[in-house]
Amino acid sequence: MYSPDNIFTTTIDKAVRWSRTQSMWPVTFGLACCAIEMMAAGSAKYDLARYGMEVFRASPRQADLMIVAGRVSQKMAPVLRQVYDQMAEPKWVIAMGACSSTGGMFNNYALVQGVDHIVPVDIYVPGCPPGPQSLMHGILTLHDKIMAGEINR
């Protein structure tokens with residue numbers, strides 16, 4: 001029986017949330033110019049390793065964070081969904097840039113007008129392209145939401 005006053009259960013819950021935030025493994029899903037900024041966030045200057053994310057995974061089965069960086073075409077949408085479905089649970093999604101968030105300046109039939117039509121998005125990082133600092137802020141915001149219990153998966 002779960003009770004918010006139970007210190008044992010609350011402590012284990014917090015420990016699990018903390019461990020999830022400190023060991024996120026992102027899958028590479030760079031589609032356009034935002035992918036260069038995503039790669040720069042992993043470089044020595046910005047150092048995503050201090051958050052336990054030093055290696056971008058090439059396999060979705062080893063990842064729990066998808067960073068969609070760039071515009072998503074209609075042809076790429078099923079591939080994006082398949083990669084998302086193959087990821088380990090719990091999984092999170094960050095939409096990086098104006099193109100992945102809303103379609104950006106490309107308002108036409110060939111592009112998906114927001115990746116949230118394909119997969120559920122937890123954090124939107126605005127900009128065209130957003131810098132590595134913006135991506136890191138989005139990741140830290142995701143960490144805060146997970147620690148606060150706002151995202152339960």
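Student: Which residues of helix H2 are buried in this predicted model, and on how many sides of H2 do they lie?

Tutor: The structure is a predicted model. Helix H2 spans residues 34-41, and its buried residues are Cys34, Ala35, Met38 and Ala41. They cover an arc of only 110° around the axis, and therefore they lie on the same side of H2.

Student: Which residues are exposed on the other side of H2?

Tutor: An α-helix has 3.6 residues a turn, so residues three or four places apart point the same way. A residue counts as exposed when its relative accessible area is over 50%. On the other side of H2, the exposed residues are Ile36 and Met39.

Student: Against which strands and which helix do the buried residues of H2 pack?

Tutor: Three strands are involved, namely E1 (26-30), E2 (65-69) and E3 (92-96). The helix against which the buried residues of H2 pack is H5 (132-148).

Student: Which residues does Leu142 touch, not counting residues up to four places away in sequence?

Tutor: Leu142 is one of the residues with the most contacts inside the largest nonpolar core. Leaving aside residues up to four places away in sequence, Leu142 touches Met24, Leu65, Trp92, Ile94, Asp122, Ile123 and Ile151.

Student: How many residues does the second, separate core have?

Tutor: Met66, Met87, Val93 and Val119 are included in this second core, which is separate. Its size is 17 residues.

Student: Is Ser100 buried or exposed?

Tutor: Ser100 lies in helix H4, which covers residues 98-102. Its relative accessibility is 1%, and a residue counts as buried under 20%. Ser100 is therefore buried.

Student: How far does the backbone oxygen of Val68 lie from a polar atom of the side chain of Ser100?

Tutor: Not counting residues up to four places away in sequence, Ser100 touches Val68, Gly70, Ala95, Gly114 and Val115. Between the backbone oxygen of Val68 and a polar atom of the Ser100 side chain, the distance is 3.3 Å.

Student: Where do Asp13 and Arg17 lie, and which of the two is buried?

Tutor: Asp13 forms a salt bridge with Arg17, with the closest N and O atoms 2.9 Å apart. Both lie in helix H1 (residues 7-22), four residues apart, about one turn of the helix. Asp13 has a relative accessible area of 31% and so is partly exposed. With a relative accessible area of 13%, the buried residue is Arg17.

Student: By about how many helical turns are Arg81 and Asp85 separated?

Tutor: Arg81 and Asp85 form a salt bridge in which the closest N and O atoms are 3.1 Å apart. Arg81 is partly exposed at 33% relative accessibility, and Asp85 is partly exposed at 45%. Because they are four residues apart in helix H3 (residues 77-86), their separation is about one helical turn.

Note on methods
Residues numbered from 1 in each chain as written. Predicted model: local features only at pLDDT ≥ 70, side-chain atom pairs only at ≥ 80, totals over all residues. Heavy atoms only, no water. Helix = DSSP H or I, 4+ residues; strand = E, 2+ residues; numbered from the N terminus. Buried < 20%, exposed > 50% of the residue type's maximum accessible area, 1.4 Å probe, protein only. Polar contact = N/O pair within 3.5 Å; in protein donor to acceptor, adjacent residues only side chain to side chain. Contact = heavy atoms within 4.5 Å. Arc of directions from axis to C-beta. Core = buried A, V, L, I, M, F, W, Y, C linked by side-chain atoms within 4.5 Å. Salt bridge = Lys/Arg side-chain N within 4 Å of Asp/Glu carboxyl O.
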